[in-house]
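Student: I have a structure open here and a few quick questions. Can we go through it piece by piece?

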Amino acid sequence: PDKLIERRLRALRMGFVRPPPKDRKYLEVKTNIASRAKAAVRALGVHSELNRAAGRAFHFAAHAALAAKPTIGAEEFKRAKHVIKQGNIARHSWADVEDDMSENQGDT
């Protein structure tokens, strides 16, 4: 334990351990859905940016993208649609995790 404390203090002193940015939070998710969670959160962030660019909130990210298209341009629109699609796949396509779900029946 003393060695761990020393290592932690040395890392702090050398700047290897930093607090998270004030506008960020870290989420804990199970490893079997981590990549899907990243895609879903990325899409949520893009949805928020599109709402801001469109000047109002939209229930569907695709609607926000269409409304924001004149403001963000064709290339950013294309990128946003890709991120939105990846988020939709992450949230709605469960075939690739069915095996994981059967292994974790008792987990909540």
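Student: Where does Asn51 lie?

Tutor: Asn51 lies in helix H2; helices here are DSSP runs of H or I with at least four residues, numbered from the N terminus. Before going on, this is a predicted model, where local features need pLDDT of at least 70, side-chain atom pairs count only at pLDDT 80 or more, and totals for chains, interfaces and linings use all residues. Residues are numbered from 1 along each chain as its sequence is written, and side-chain values use heavy atoms, with hydrogens and water left out.

Student: Is Asn51 buried or exposed?

Tutor: Asn51 is buried, because its relative accessible area is 16%. The classes are buried under 20%, exposed over 50% and partly exposed in between, with a 1.4 Å probe and protein chains only.

Student: And what is Asn51 in contact with?

Tutor: Setting aside neighbours within four places in sequence, Asn51 contacts Arg56, Ala57, Phe58 and Ala64. Contact means heavy atoms within 4.5 Å.

Student: Switching to Tyr26. Where does that one lie?

Tutor: Tyr26 is in the loop between H1 and helix H2, the latter covering 34–54. Tyr26 has a relative accessible area of 67%, so it is exposed.

Student: Which residues does Tyr26 touch?

Tutor: Pro20 and Pro21, if residues up to four places away in sequence are not counted.

Student: How many salt bridges are there?

Tutor: The count is two, taking a salt bridge as a side-chain nitrogen of Lys or Arg within 4 Å of a carboxyl oxygen of Asp or Glu. One joins Arg24 to Asp23, with the closest N and O atoms 3.5 Å apart. Arg24 and Asp23 are both exposed.

Student: Which side chains meet at 2.7 Å, N to O?

Tutor: Those of Arg79 and Glu76, also in a salt bridge. Both residues are in helix H3 (residues 61–92), three residues apart, or about one turn of the helix.

Student: Why does Arg79 count as partly exposed?

Tutor: Because its relative accessibility is 38%. Glu76 is partly exposed too, at 29%.

Student: Last topic: which residues form the positive surface patch?

Tutor: Lys3, Arg7, Arg10 and Arg13 form it. Patch residues have over 30% relative accessible area and no salt bridge, with like charges joined within 9 Å and nonpolar side chains (Val, Leu, Ile, Met, Phe, Trp, Tyr) within 5 Å.

Student: Where does Lys3 lie?

Tutor: In helix H1, residues 2–14. Lys3 counts as exposed because its relative accessibility is 63%.

Note on methods. Accessible areas come from the Shrake-Rupley method with a 1.4 Å probe; for residues, only the protein chains shown count as cover. Lys and Arg count as positive and Asp and Glu as negative; His and the chain ends are not counted. The place of a charge is taken as NZ of Lys, CZ of Arg, CG of Asp or CD of Glu. Helices (H or I, at least four residues) and strands (E, at least two) are DSSP runs, numbered from the N terminus.
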